[in-house]
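Let's take a walk through this structure together. Have a look at it first, and then we'll go through it piece by piece.

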Amino acid sequence: MNNFDYQQAASIADGIQLVSTNNKAAFVAGGTNLIDLWKYRLMEPELLVDLNQVKEHHSIEEKEDGSVRLGAFVSNADTAYHPIIEKRYPLLSKAILAGASAQIRNMASNGGNLLQRTRCYYFYDPNVPCNKRTPGSGCSAIDGYNRIHAILGASDNCIAVFPSDMCVALAALDAVVNTSGTDGERSIPFSEFHRLPGDMPEQDNNLRHGEIITSIDLPEKGFSGNYSYLKLRDRHSYAFALVSVATGLELSGDIITDARIALGGLAHKPWRINEAELFLKGKQANAESFAGAAEILLQGAKGFKYNSFKIELAKRAIIRNGLMALHPEQQLPGARPSA
Amino acid sequence: MPIVKLNINQQTYELDVLPWVSLLDAIRERLLLTGTKKGCDHGQCGACTVICDDKRILSCMTLAVMKNGAAITTIEGIAEGDELHPLQKAFIEHDAFQCGYCTPGQICSAIGLLTEGKAKTREEVKELMSGNLCRCGANANIIDAIMEVKEGGSREQF
């Protein structure tokens with residue numbers, strides 16, 4: 001591991017100044033991914049700029065327009081257990097609690113959750129090619145052991161998946177990412193924050209160097225009546241998703257009046273297809289309807305040697321989670337299958 | 001070199017540490033409090049769990065300089081003199097370890113779990129202890145020990 005300098009940013013402006021003027025500087029907040037990446041030599045910063053002393057963005061607040069603002073420096077645990085989030089956005093709460101461990105959730109910041117890097121094992125192995133780690137070197141996963149890899153939105157350059165659970169719920173909830181950088185402030189719709197790999201897999205998202213995530217806005221509609229997060233993985237807890245599904249429904253009787261479905265573990269970003277949600281509107285909330293939506297969501301899915309099972313698994317998970325959303329009170333710890 | 005002020009087990013230390021020294025290495029190598037274990041050093045095993053400002057965290061995944069001014073409790077700080085912490089007693093009573101390597105992290109994590117107060121059922125205790133791996137497979141007894149302290153006795157099947 002390399003040596004680095006350390007400074008505390010006194011303010012957002014101070015942080016932007018310190019990092020934007022040094023292309024080998026990086027921000028740190030929770031550190032749960034960054035410190036690990038540094039230990040693997042995947043990041044070799046000259047300077048770490050600690051954002052924890054910035055006075056703003058440490059709270060969760062309801063705004064006048066009915067939305068809720070999550071401070072970027074609030075921990076994942078404090079977000080999941082916050083009374084406003086438990087009451088109005090339980091889908092987000094459940095998704096956060098399905099990820100990582102209690103210790104990591106206590107440390108990890110909301111902003112940092114969006115910036116997690118993939119858990120593709122070839123990315124972590126400096127002895128093999130990886131376009132995400134070393135652009136142009138090739139992809140070892142495409143012809144390798146690709147059981148955990150993408151079936152949607154991948155490219156010939158990269159089939160890595162994005163590991164966050166929290167972000168699957170944020171995608172379903174149409175969250176907005178607020179940032180601050182040298183060019184001023186931006187509000188980025190969640191669907192436009194993360195990128196598909198294309199021919200630049202080294203770039204996970206559209207955040208610029210020196211730009212800071214300051215908060216995340218949740219629009220008023222929280223789907224708190226009918227929601228479910230389902231996470232399927234190789235062990236019941238403390239493992240990344242093979243497939244995860246965040247579902248929010250609005251119902252009139254048993255008819256779906258609005259629906260959101262986002263998928264995790266399948267692509268380089270949380271996966272949402274508007275046509276699948278439109279398809280559900282006006283339909284009965286039953287297995288047949290969710291199966292129809294699943295077909296639309298998985299259109300174009302491409303399996304590799306070891307992960308083709310994910311296509312059928314994802315379809316079944318979408319149906320199961322749609323039915324689970326009818327009984328949100330039965331949600332199990334760890335987002336396991338219920339109902 | 002940055003000077004870092006840490007309150008560890010109710011004793012204040014001022015350490016000059018290099019920026020890249022993890023909190024874990026500062027605790028073990030500088031303060032010689034070796035109860036906290038370096039298992040994987042990558043945030044995957046929970047052996048390095050300590051309590052920082054009343055929250056359980058992984059000391060391997062944070063830097064000592066980032067915890068300037070924090071109050072930290074390690075396994076060495078939980079007994080009252082010769083009187084063991086109730087979780088230490090329960091771990092002995094329930095045979096909640098074999099090799100014992102994960103035990104300091106398990107107990108610090110369990111203290112955090114009880115302080116947080118989010119786990120109501122045995123299932124929830126299991127879920128919220130999943131960040132602490134036990135390769136000897138003593139998990140059933142570990143959960144028994146925690147359940148006993150949590151609600152004064154439970155010997156269900158795992």
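Let's start with B:L32, which counts as exposed because it has 7 C-beta neighbours inside 10 Å. The cut-offs go like this: a residue is buried if 20 or more other C-beta atoms lie within 10 Å of its own, exposed if 12 or fewer, and partly exposed in between, with C-beta atoms placed from the backbone. B:L32 also has a positive phi of about 55°, although it isn't a glycine. You'll find B:L32 in the loop between α1 (23-30) and β3 (49-52) of chain B. Those labels come from DSSP runs: helices are H or I with at least four residues, strands are E with at least two, and both are numbered from the N terminus.

Now look at B:D54, which sits in the loop between β3 and β4 (55-58) of chain B. B:D54 isn't a glycine, yet its phi is positive, near 70°. With 12 C-beta neighbours inside 10 Å, B:D54 counts as exposed.

## How the model was handled

This is a predicted model, so local features need pLDDT of at least 70 and side-chain atom pairs count only at pLDDT 80 or more, while totals for chains, interfaces and linings use all residues. Residues are numbered from 1 along each chain as its sequence is written, and chains are lettered from A and ligands numbered from 1 in the order in which they are written.

## Chain B as a whole

Chain B has 5 helices and 5 strands, and along the sequence they come in the pattern β-β-α-β-β-β-α-α-α-α. Its C-alpha trace spans about 55 × 30 × 30 Å along the principal axes.

What radius of gyration does chain B have? It's 16 Å, which agrees with a compact globule of 158 residues, whose value would be near 15 Å. The radius is taken over C-alpha atoms, and the globule rule is 2.2 Å times the number of residues to the power 0.38. Of the 158 residues of chain B, 47% count as buried. Among contacts between residues at least 6 apart in the sequence of chain B, 56% join residues at least 24 apart; two residues are in contact if their C-beta atoms, placed from the backbone, lie within 7 Å.

## A sheet in chain A

Over in chain A there's an open sheet of 3 strands in the order β1-β3-β2, with parallel pairing. Two strands pair if DSSP finds at least two bridges between them. In chain A, β1 and β2 (25-28) stand at the edges with a single partner strand each, so one side of each has no neighbour in the sheet. Neighbouring strands of this sheet are turned by 25° against each other on average, direction ignored.

Zoom in on β2(A): 4 bridges join it to β3 (residues 47-50) of chain A, and the two run parallel. Here A:F27 stands opposite A:V49 in β3(A).

## Where the chains meet

How many residues of chain A are in contact with chain B? There are 23, and they touch 27 residues of chain B. On the chain A side, β1 (5-8), α2 (34-39) and α6 (102-107) each supply at least two residues. The most come from α6(A), with 5 residues.

Terms used:
Axes fitted to C-alpha atoms, helices over the stretch in contact; angles between N-to-C directions.
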